[in-house]
Amino acid sequence: MILAIDIGNTNIVVGAMEGDTPLFVERLSTDSGKTDLECAVSLRTVLDIHSLSPEGFEGCIIASVVPPVTGTVSQALEKLLGQIPMIVGPGLKTGLNIKIENPAQLGSDLVVDAVAGIAEYPLPLLIIDMGTATTISAVDRRGTYLGGVIIPGARVSLDSLSSHASQLPRIGFEPPKKPIGTYPVECMKSGIVLWNASLLDGMLDRMEEELGEPATVIATGGLARFIIPYCRRKIIYDDTLLLKGLNTIYHKNIDRRG
């Protein structure tokens, strides 16, 4: 069993894999002010909730787009598990052929998503990851990562609207009753959910046209479950995609670490 962690700008995704089977996926808030001990306590709490013991883990792996937090979480894992985690980055084998101008600039979360997608779904792929930013990655039929798009995330857009329009409240993600709202909160619900769904539909059509053939579309990330049901495209929702990618990369490298 391995512990897999993805550190994003908003959330830290924590999951466990037993072989190829995800045991759980949980999210903690990303907080650069936390100490390694505080992180260790939070991670221990997650394991306790799922009745898992730190002694039961053979290893751990981290993907991160927040460098200041990476070291803290790594030290927390050493305290909790007594192991130094693998960290996705230079020197770690992923098996992914990346065809962008500077492969080193590709976020580790996008690398991991692509590795998991290639292992599990028919190619070519368009992979949506909805977090602080919404990204769509393109992988061709040969398994080459071609690039993608980065869009302001749905939560970021909604918070920006509320903070810049004094008469509009902060709201959560809730299903809109219909496209045309009749009072501000309903208008905002419809706008944020259906706008993002329409945005995804339109971008997927354009990216698929550039690929020149139909693609398998996968969605993951904390906000995907609110938006994907309203898309008109066929999209596979896979909340454990990143967890499975980390598991694949871990096992690609464990033998090399000896």
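Contact, in these notes, means heavy atoms within 4.5 Å.

**Ground rules**

I am working from a predicted model, where local features need pLDDT of at least 70, side-chain atom pairs count only at pLDDT 80 or more, and totals for chains, interfaces and linings use all residues. Residues are numbered from 1 along each chain as its sequence is written, and side-chain values use heavy atoms, with hydrogens and water left out.

**Entry 1: Leu106**

I began with Leu106, which sits in the loop between β6 and α3. The element names are DSSP runs numbered from the N terminus: helices are H or I of at least four residues, strands are E of at least two. Is Leu106 buried or exposed? I found Leu106 buried, at a relative accessible area of 13%; the scale is buried under 20%, exposed over 50% and partly exposed in between, with a 1.4 Å probe and protein chains only. Setting aside neighbours within four places in sequence, I noted that Leu106 is in contact with Ile98, Ile100, Val111 and Tyr145. I also looked up the distance to His251: 145 residues apart in sequence, and 21 Å from C-alpha to C-alpha.

**Entry 2: the sheet with six strands**

Next I traced the open sheet of 6 strands, whose order is β6-β9-β8-β7-β10-β11 with mixed pairing. Two strands count as paired if DSSP finds at least two bridges between them. The edges are β6 (97-98) and β11 (236-237), each pairing on one side only. As a reminder to myself, strands of a sheet pair through backbone hydrogen bonds, either parallel or antiparallel. How do β10 and β11 run? They run parallel, and 2 bridges join β10 (residues 216-220) to β11. In that pair, I saw Ile218 opposite Ile236 of β11.

Helix α3 (residues 108-120) lies across β6, β7 (125-130), β8 (133-139), β9 (144-152) and β10, at about 135° to β7. Helix α5 (residues 184-211) lies across β7, β8, β9 and β10, at about 155° to β7. For these angles, axes are lines fitted to C-alpha atoms, for helices over the stretch in contact, and angles run from 0 to 180 degrees between N-to-C directions.

I looked at Ser157 in helix α4 (residues 154-164). Ser157 counts as buried at 18% relative accessibility. Not counting residues up to four places away in sequence, Ser157 touches Pro152, Ile192 and Trp195.

How do the axes of α4 and α5 cross? They come within 11 Å and cross at roughly 150°, so I call the two helices roughly antiparallel. The cut-offs are under 35 degrees for roughly parallel, over 145 for roughly antiparallel, 65 to 115 for roughly perpendicular, and oblique for the rest. The contact is made by Ala154, Ser157, Leu158, Leu161 and Ser162 of α4 with Met188, Ile192, Trp195 and Asn196 of α5. By class I have 6 nonpolar, 3 polar and no charged residues; Ala, Val, Leu, Ile, Met, Phe, Trp, Tyr, Cys and Pro count as nonpolar, Asp, Glu, Lys and Arg as charged, and the others, Gly among them, as polar.

β1 (residues 2-7) pairs with β2 (residues 11-18) in the antiparallel sense over 6 bridges, and Ile5 stands opposite Val14 of β2.

Most residues other than glycine have a negative phi, and most peptide bonds are trans. I flagged Ser51, which has a positive phi of about 55° although it is not a glycine. Ser51 lies in the loop between α1 and β4 (59-64) and is exposed, at 67% relative accessible area. I also flagged a cis peptide bond joining Leu123 and Pro124, with omega about -5°. Pro124 is in the loop between α3 and β7.
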